[in-house]
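Please read the numbered points below with the sequence and the model side by side.

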Amino acid sequence: MDAVRVPVIAAGGIGDARGIAAAFALGAAAVQLGTAYLFTPEATTAAVHRAALREARDEATAITNVFTGRPARGLLNRLMREVGPLSELPPAFPLAANAPAALRAKAEPAGSGDFQPLWCGQAGAFGRELPAGELTRRLAEETLARLARR
């Protein structure tokens, strides 16, 4: 991060104090976490999505455009496997979200995430089911403790 003269915000694959501390050690001005907050009660994450996140492993994600028409990382599911995670079939953004809507409307109430975006970064295994404020406090405390040991 010495190669640029602007503040760098580290993001992607970071979900715990080790990753946060490492990003700061490498010169990041800030760190952004995403997937970790999908487990919080404040998140609007659907029950089927939460269940899939609990079982998530790093190798179970892929970059896909089938849900939005733009690339984003999510847990592999039936639609991504059958259409291909990156496909020329989805309509352009923002119309792509409408394409699987009928399938999702039937599958989700039955407990299936086969046709909905199950957004998840590469640090899904680090998720903790805590209120967002508590998660933030714990991550800050754990990171500060880790940085103090250096």
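1. Residue classes. Ala, Val, Leu, Ile, Met, Phe, Trp, Tyr, Cys and Pro count as nonpolar, Asp, Glu, Lys and Arg as charged, and the others, Gly among them, as polar. By these classes, the lining of the largest pocket consists of four nonpolar, seven polar and one charged residues.

2. Basis of the note. The model is predicted, and local features need pLDDT of at least 70, side-chain atom pairs count only at pLDDT 80 or more, while totals for chains, interfaces and linings use all residues. Residues are numbered from 1 along each chain as its sequence is written, and side-chain values use heavy atoms, with hydrogens and water left out.

3. Overall architecture. The chain contains five helices and four strands; helices (H or I, at least four residues) and strands (E, at least two) are DSSP runs, numbered from the N terminus. Read from the N terminus on, the order of elements is β-α-β-α-β-β-α-α-α. The C-alpha trace spans about 50 × 35 × 25 Å along its principal axes. Of the 150 residues in the chain, 35% are buried. Here buried means under 20% relative accessible area, exposed over 50%, and partly exposed in between (1.4 Å probe, protein chains only).

4. The largest pocket. A pocket is found on a 1 Å grid over the protein atoms alone, as an open set of points where a 1.4 Å probe fits, with protein on both sides within 12 Å along at least five of seven lines; lining residues have an atom within 4 Å of a point. Grid points are joined across faces, edges and corners, and the volume is the space filled by probe spheres set on the points. The largest pocket holds about 190 Å³ of space. Its lining is formed by A11, G12, G13, I14, Q32, L33, G34, T35, R73, G121, Q122 and A123.

5. One lining residue. Where does G13 lie in the chain? G13 belongs to the loop between β1 (9–11) and α1. With a relative accessibility of 44%, G13 counts as partly exposed. G13 and R149 are 136 residues apart along the chain, and their C-alpha atoms are separated by 23 Å.

6. A nonpolar surface patch. Patches are made of residues with over 30% relative accessible area and no salt bridge, like charges being joined within 9 Å and nonpolar side chains (Val, Leu, Ile, Met, Phe, Trp, Tyr) within 5 Å. Accessible areas come from the Shrake-Rupley method with a 1.4 Å probe, and for residues only the protein chains shown count as cover. F24, L144 and L147 make a nonpolar patch of about 260 Å². F24 is part of helix α1 (residues 17–25), and its relative accessibility of 33% places F24 in the partly exposed class.

7. Salt bridges. A salt bridge is a side-chain nitrogen of Lys or Arg within 4 Å of a carboxyl oxygen of Asp or Glu. By this rule there are seven salt bridges. One of them joins E82 to R78, with the closest N and O atoms 3.0 Å apart. Both residues lie in helix α3 (residues 78–83), four residues apart, about one turn of the helix. E82 is exposed, because its relative accessible area is 57%, whereas R78 is partly exposed at 39%.

8. Further salt bridges. R104 pairs with E108, the closest N and O atoms being 3.2 Å apart. R104 is partly exposed at 32% relative accessibility, and E108 is partly exposed at 27%. E134 and R137 also form a salt bridge, at 3.7 Å from N to O. These two residues are separated by about one helical turn, because they are three residues apart in helix α5 (residues 132–148). Salt bridges that share partners join E134, R137 and R138 into one network.

9. Loop positions. Which kind of peptide bond joins F93 and P94? The bond is cis, with omega about 5°, and P94 sits in the loop between α3 and α4. L89 also lies in the loop between α3 and α4, and L89 is exposed at 69% relative accessibility. P131 is found in the loop between α4 (101–107) and α5, and P131 is partly exposed with a relative accessible area of 41%. Although P131 and P41 are 90 residues apart in sequence, their C-alpha atoms are 5.8 Å apart in space.
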